[in-house]
Amino acid sequence: MPEMTMAQALNEAHRIAMQADSRVFAIGEDIGDYGGIYRVTVGLLDEFGKDRVRDTPISEAAIVGSSVGAALVGCRPILEIGFVDFVGTCWDQIINQAAKYRYLSGGKASVPLVMRMACGAGLGYGVHHSQSLEAWFTHTPGIKVVMPAFPDDAKGLLLAAVDDDDPVAFFEHKFLYTYKDAVPEGRHVVPIGKGKIRREGRDLTIVCWSRAVHWALDVAEKAATEGIECEVIDLRTLVPLDEDLIHNSVSRTNRLIVCHEACRTSGFGAEIVSRVVETSFDFLEAPPIRVAAPDIPVPNSIPLEKVYLRPESELLDAVHKLTGVRFHKLKQH
Amino acid sequence: MASNKNEEFESGGGVTNGLTEADLLDMLEKMHLLRSFDERVSERCKRGEISGLIHLGMGEEAVAVGVCAAIKPNDKMTSTHRAHGHFLAKGGDPKAFMAELYGKQTGCCRGKGGSMHLFDLDCGFLGANGVVGAGLPIAVGAALGQRILGEDFVTICFFGDGANNQGTFHESLNLATVWNLPVVFVCENNEYGISQSIHAQQKVPHVSDRAASYLLAASIVDGNDVLEVYTASSAAVAAARSGRGPTLLECKTYRTSGHYEGDDQSYRPKEEVDEWKAKDPIRRFERQLLQEGVLTDGTLDEIKARVWKVVEEATEFAIASQCPPDKEATNHVFAASQ
Amino acid sequence: MPKTTKKTETANNLTDRQLKEMYRRMVLIRRFEEVAFEKALAGNYANYHGAMGQEAIPVGACFDLTPEDGTMITHRGLGVPITRGVTVKDIFAGLYGRADSPTRGRIPVYHMGEPKLGVLTGTSMVGSVIPLASGKALANKLDKNNNVVISFFGDGAANRGDFHEGINLAGVWNLAIVFFCENNFYAKSMPLEKSTAGGSIIRRADGYGLPSMLVDGNDVLAVYDATKQAVARAREGGGPTFIECETYRWTPHSTAGDREFARTEEELASWKAKCPVRRLEALLLETGQASSEELNAFDEAAQREIEEAIDWVEKASDPGPEVALENVYV
């Protein structure tokens with residue numbers, strides 16, 4: 001199986017989708033001649049021409065809005081917003097237009113749109129180029145939310161997102177664009193709404209997504225040397241959430257950590273913990289722990305950015321804390 | 001790429017303009033249909049049968065009808081919160097329209113959209129919109145879709161004078177012009193954004209004053225002269241269809257109804273409203289057609305009777321229809337229905 | 001051109017001393033830009049959006065401003081803060097994220113601003129500064145002072161909705177503001193003719209009913225004159241003016257792996273031939289208002305100032321982790 005970076009895997013997915021269906025087109029800033037600021041759309045302009053690979057002015061509201069309009073009449077656009085931090089400039093078109101058309105039309109309208117957005121800190125880019133804002137989208141009924149952690153999933157989920165008849169918010173962590181791994185050739189599709197157990201374990205479940213999956217796998221390795229076996233679930237999709245996968249795991253391990261890079265308050269981890277408490281309370285031997293960034297904007301200075309990226313270093317502590325806790329069950333099954 | 005010169009289209013003209021007598025009478029009937037529905041909806045709002053925020057367009061009928069007479073059934077359209085006239089003139093089903101306002105299962109959006117979110121893909125109506133200015137980029141997108149799909153349609157984008165100060169106006173006109181897209185931007189300039197006069201919202205006197213900065217073709221049209229609207233629209237639609245790109249038509253008009261049903265209209269003098277009522281576009285067209293001998297009193301009575309019947313049947317249909325069941329509320333959030 | 005004595009004022013009513021001060025600032029910005037770019041490429045900080053070649057604009061535009069006048073800047077270049085008195089030491093401290101930077105390492109100076117010097121807090125979002133600048137001008141109006149705001153932005157911003165809304169509002173409310181477009185013809189890789197319908201930014205001013213001026217952005221005296229007129233109009237209650245300055249950046253969009261491909265060597269060379277620093281130097285030497293020794297001395301002083309700043313910043317300490325958690329709320 002060939003190895004490639006996440007950017008290359010996404011590029012391949014574009015190519016496959018656009019070759020298969022002439023209704024698919026790419027739109028965004030600097031995606032054509034330039035090949036995209038993360039090199040995801042390299043070569044597409046040469047192959048598909050400027051009608052289907054469209055460079056735009058700096059006009060996010062028009063980029064998203066025109067993608068909605070094109071989708072309404074039968075196209076399947078893939079738009080790129082270079083930094084999720086910019087969504088404020090086109091938020092109406094996302095939450096009020098793309099997300100609501102199917103519903104407000106009583107099912108007649110369809111907006112099969114993929115919104116690719118780069119998220120995440122770790123490169124010292126500061127307040128407006130580093131955020132993780134997936135929770136804003138998960139709170140908007142009508143939008144699916146996808147966050148691959150590995151190149152094979154990036155390719156597979158992007159192909160699935162293009163095929164999906166709903167608008168999909170597709171988040172790519174900018175730190176992972178250069179991450180290299182094996183990627184199946186050809187039309188490799190990963191279903192939206194299905195998580196994956198990346199590592200099996202009996203002692204606790206770590207639910208995570210995007211870059212946090214890599215943190216969790218590193219921590220699981222370390223914990224294993226201490227005799228603690230962590231089960232790592234890579235959610236891959238946040239909406240719709242693979243609740244069964246989480247429930248099955250927690251029912252076996254009885255302990256839960258949710259880890260994400262985004263800020264703690266109202267991060268998607270809060271939703272997962274709530275659901276697990278609602279549906280799997282009897283299986284829990286300890287209170288779940290959320291490991292997330294503090295509630296701060298992302299500072300510019302590298303050592304300060306590390307404070308924001310605390311989840312990476314706090315995860316192992318959380319594993320220790322969780323496995324050191326004895327929880328008195330109030331009732332027996 | 002077609003050059004985007006700031007051309008003044010010729011508008012106005014005689015009674016015929018390439019239209020047959022039947023066409024002219026059809027346009028008159030449509031204007032009556034729009035007005036009668038507005039009056040019926042207003043009355044039913046007052047009775048409490050129709051609820052929610054309702055924005056009527058009495059006095060603006062010539063714009064919707066004149067534009068729609070110039071397009072084909074498969075042409076697309078985006079609209080505003082003041083959408084009833086656009087929807088009906090575009091060919092939206094009056095029964096489904098009324099049922100939607102009544103919030104019934106048989107409404108065009110199964111009761112989930114309502115007045116500000118009417119939608120009908122079958123007649124190319126890509127949506128009313130509750131957000132001012134939101135339809136502009138969507139219209140640009142529909143036109144972009146036409147290009148990508150290689151299909152044959154133009155897109156009409158209705159918006160009001162209030163929307164022209166929204167950022168989406170700027171981004172959309174710029175993008176449509178840069179990409180030479182087949183969209184006709186139609187501004188219904190009724191000189192008010194709710195209570196605010198347009199002159200308090202921008203320094204330039206006309207919306208079309210902005211077109212020159214994009215080298216976008218534009219013209220000002222008497223929006224209360226349905227034939228002038230038709231002629232200008234025809235030219236703009238022809239330009240779009242033949243690959244000459246977008247146009248901005250600024251139709252000067254006036255809404256004699258309030259901004260919404262329940263509006264006390266304290267922001268404008270009653271004399272101003274009465275002055276515009278005296279320039280009613282429907283009466284004006286009737287006089288013109290009577291003078292030309294196209295219309296007789298008898299024909300006019302027939303038109304009114306047919307319109308009344310349509311309105312009556314739509315109202316009865318709406319009242320008799322069922323409300324949507326509870327499960328409809330959670331349906332159509334995503335493609336996989338529940 | 002006849003030689004003038006050192007005490008004679010120029011056609012701009014600028015004295016020799018003022019012109020030399022302009023030169024001093026321009027050469028300081030130039031040297032700063034060179035080093036800021038190089039230090040970013042060397043990995044000392046993440047990214048730098050250089051403005052080498054655009055030095056005439058901050059110096060010409062800001063020369064006559066008082067500290068109460070506000071300037072709103074973008075992500076590109078730090079010529080405005082430098083012109084207005086922010087030290088290169090503070091700027092490097094911000095770029096390097098040091099404990100002793102004005103924000104204690106949280107953000108670089110183009111976001112932070114320096115209120116005491118009239119440098120307003122900016123944003124990375126292209127075009128979003130414009131309504132912010134109008135807001136500052138509105139605050140001035142409510143305060144009934146006659147301070148002026150200059151809102152700087154690039155050609156890329158001219159297609160954003162915020163450009164439209166921010167400028168329209170300033171026009172309607174007759175705010176004391178100058179909208180200042182630094183048109184360097186490229187928004188990252190996107191050339192103006194592909195992104196901007198009509199191919200002209202200045203023509204858009206007509207759509208807001210504003211007076212406008214198209215200026216050679218590499219001629220510091222032309223920039224100075226135009227801004228002076230616009231600021232005077234604003235201060236006297238005449239409302240906003242739109243200035244477009246044509247210029248060019250010598251460096252790629254940023255240091256973060258950006259490639260040049262849309263722009264050609266020939267184009268760059270033609271703009272380098274119009275170097276704003278060299279043009280002012282030539283004027284000063286031709287008219288005898290400065291000697292080459294004086295000008296060299298300015299250059300050397302600039303280089304020394306920057307070297308000292310770099311020496312300091314490379315040894316300066318990083319902030320402690322607790323700084324990251326401060327100032328989220330009051």
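Q: Which residues does Phe185(B) touch, not counting residues up to four places away in sequence?
A: In this predicted model, Phe185(B) is among the residues with the most contacts inside the largest nonpolar core. Setting aside residues up to four places away in sequence, what remains is a list from chain B. Phe185(B) touches Leu136(B), Val140(B), Cys157(B), Phe159(B), Ser172(B), Leu173(B), Ala176(B), Pro246(B), Thr247(B), Leu248(B) and Leu249(B).

Q: How many residues does the largest nonpolar core have?
A: Phe137(A), Ile272(A), Phe159(B) and Phe185(B) have the most contacts inside this core. Its largest share, 10 residues, comes from helix H1 (residues 21–46) of chain B. A second, separate core of 47 residues includes Val35(C), Ile91(C), Ala302(C) and Ile306(C). The largest core has 188 residues.

Q: About how much area do chain A and chain B bury between them?
A: Let's look at who takes part: 43 residues from chain A and 39 residues from chain B. Val73(A), Tyr103(A) and Lys108(A) supply 20% of the area that chain A buries here, more than any other three residues. Carbon and sulfur atoms carry 67% of the total, which is about 3200 Å².

Q: Which element gives the largest share of the side of chain A that touches chain B?
A: The elements giving two or more residues to this side are S2 (24–28), S3 (53–55), H3 (60–72), H4 (91–98) and H5 (101–104) of chain A. One of them gives nine residues, the largest share: H3(A).

Q: How many salt bridges are counted between chain A and chain B?
A: The chain A side includes 12 charged residues, beside 17 nonpolar and 14 polar ones. Across the interface, 13 residue pairs are in polar contact. The salt bridge count, however, is zero.

Conventions: Residues numbered from 1 in each chain as written. Chains lettered and ligands numbered in written order. Predicted model: local features only at pLDDT ≥ 70, side-chain atom pairs only at ≥ 80, totals over all residues. Heavy atoms only, no water. Contact = heavy atoms within 4.5 Å. Buried area = accessible area lost by both parts, 1.4 Å probe. Salt bridge = Lys/Arg side-chain N within 4 Å of Asp/Glu carboxyl O. Polar contact = N/O pair within 3.5 Å; in protein donor to acceptor, adjacent residues only side chain to side chain. Helix = DSSP H or I, 4+ residues; strand = E, 2+ residues; numbered from the N terminus. Nonpolar A, V, L, I, M, F, W, Y, C, P; charged D, E, K, R; others polar. Core = buried A, V, L, I, M, F, W, Y, C linked by side-chain atoms within 4.5 Å. Buried < 20%, exposed > 50% of the residue type's maximum accessible area, 1.4 Å probe, protein only.
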